Amino acid sequence: MTLAGAVVDTIQNVLDTRTLRILATILIVGAWAALSITVKQMGPVLHDRLSLNKPLVEGAQAALVIVVTVAAGALVTIIWRASDEAAGVLALVQADPRSLVRLFITLLLFVFAYALTVLVKRIMKDLSEQRSAISIHQREVGYHLAQVSVYLFAILGAFSIWGVDLSNLLLGAGFLGVVVGLAARQTLAAVLAGFVLLFSRPFDVGDWVVVSEREGIVTDVTIFNTEIKTPEDEYVLIPNDIVTSNAVVNRSRAGRLRVDVEVGVDYEADPKHAASVAQDAMTELDEVLEKPDPLVVLREFGDSAVVLECRFWIDDPSARREWQIRSSVVEAVKTAFDREGIKIPFPQRELMGREEASGLKLAGGERAALSADGDVDDGETASGSGRASPDGDEPPEAETDGESPEVDES
C-alpha cells in the first residue's frame, strides 16, 4: 500500500461515524473560507509593501485559492468515502500521462505569455515616463498590440503541442476571416481608426477635447473606442472611426485657452473708457494670465448697446476652470462698471407708427376720414374717443353737431 493510500485509510477509520464526518466537513469548509479571506487580504499588503505588480499578485492569489479549493474538495471526498464516484468522473476524461504532460506544458505556455505581457507593460510604462515622445495613448495602444501578438503565438504553440494541423486551421480561418470581415465592417473600421489615432496623436489621455458634438476629458483610448468624461460626469464611448471621420478640437494642447465674454454698454457712454475699465478689471484677477494681456475690442452695434468683447487667457484649461474664471470676470466687470457709472442697458425698442390711408381709428371702433381742416368727410357723427396720432400729437377735432369727439390720450 502506498503512503497516500495509508493516509486515506487512516482518515476514513478515524472518522467512522456520520457525526464525526459532519463535524470534519464543517471544519474543512471553515478552514477553506478562512484561508480564502486571508489570501484575498494579503493582496494589498504584497502590492504596497513589496512593490509587486498588481496583476501578478492577483494571479498568484487566484492560483492559491484554486489549490486550497481542490485540497478541501479532496478531503471532503475522502471523508465521505466518495472515491469511487470521483474516479468515475475522472474516467470520463480518459486522461493518459501523455495528455497530462501536454496539459501541463500548455498551462506553462499561457503563464509565460501572461508574464511576458506584464513585463512588456512595465517596460512601455518606464519608456513613456522617461521619454515625452511616447504618450499615454501610444503606450496603451502599443501594450494592447503586444498583448494580442503574444497570446496569438501562445495559441498557435498550444495547437502545435496538441498536434493540430495548422494548415487546415489557417484555411478555415481564412474563410472565417472573410465572413467576419463582411459581418463586422464597422468594428474593423474602428480598429484601423485606432491605429490612425496611434500615429496621428490628435489628443492624449487627460486632454479636454470636443469630438462629434461631445465635449469632455479623454479618460481612455483603446483599439476600438475613445472614452471621454463630460462636464456632467457622464462617460461616453465614441468609436474610433467616428473620431477620425469628424473634426477634433483639442483645447488642452497649447496649455492655455482664450475665453471671450461679451458685455454691452449704453450708447451714451464712452466706449473707449468702458473698454479700459473692463480691461483693468480683468487684469486685477489672479486667475487671468498676464501674458498674453487681456484685451477688449468693440465688437458691434447691438439693438440696445455697443457690444464689447472681453478676451482673456487661462492656463491648464478645463471645462470647470473655464466656468469658474468666466464667472469671476463677469462679476469683476459688472462691479467696475457700477463703480464708474457705466450703464449696461437692457433690451429696448423704439416704437413708431404712421397714419392709415383710410383715416384715424377711433376707440369706439368707427373710422372717420378726417380732412386737412379737421372736418368729417362722411358727415356722420363721430362717437367714442379717438386714439392719439402715431407721432404723439393730439388728433384734430372733428366738427359735428356742435359736439367734439373725445380723444383717447392713452
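Two strands count as paired if DSSP finds at least two bridges between them. Strands (E, at least two residues) and helices (H or I, at least four residues) are DSSP runs, numbered from the N terminus. The model is predicted, so local features need pLDDT of at least 70 and side-chain atom pairs count only at pLDDT 80 or more, while totals for chains, interfaces and linings use all residues. Residues are numbered from 1 along each chain as its sequence is written, and side-chain values use heavy atoms, with hydrogens and water left out.

**View 1. The open sheet of five strands.** The strands follow the order S4-S3-S2-S1-S5, and their pairing is antiparallel. Strand S4 (235-239) and strand S5 (248-250) form the edges, each pairing on one side only. On average, neighbouring strands are turned by 40 degrees against each other, direction ignored.

**View 2. Strand S1 beside S5.** Strand S1 (residues 208-211) runs antiparallel to S5 and is joined to S5 by three bridges. Val-209 stands opposite Asn-250 in S5.

**View 3. The crossing of helices H10 and H11.** The axes of H10 (residues 271-283) and H11 (residues 319-340) come within 9 Å and cross at roughly 135 degrees; axes are lines fitted to C-alpha atoms, for helices over the stretch in contact, and angles run from 0 to 180 degrees between N-to-C directions. H10 is therefore oblique to H11, a term for angles that are not under 35 degrees (roughly parallel), over 145 (roughly antiparallel) or 65 to 115 (roughly perpendicular).

**View 4. Residues where H10 meets H11.** In contact (heavy atoms within 4.5 Å) are residues including His-273 and Met-282 in H10 and Phe-337 and Glu-340 in H11.

Definitions and conventions: Left-handed = near helix turned anticlockwise from the far one by under 90°.
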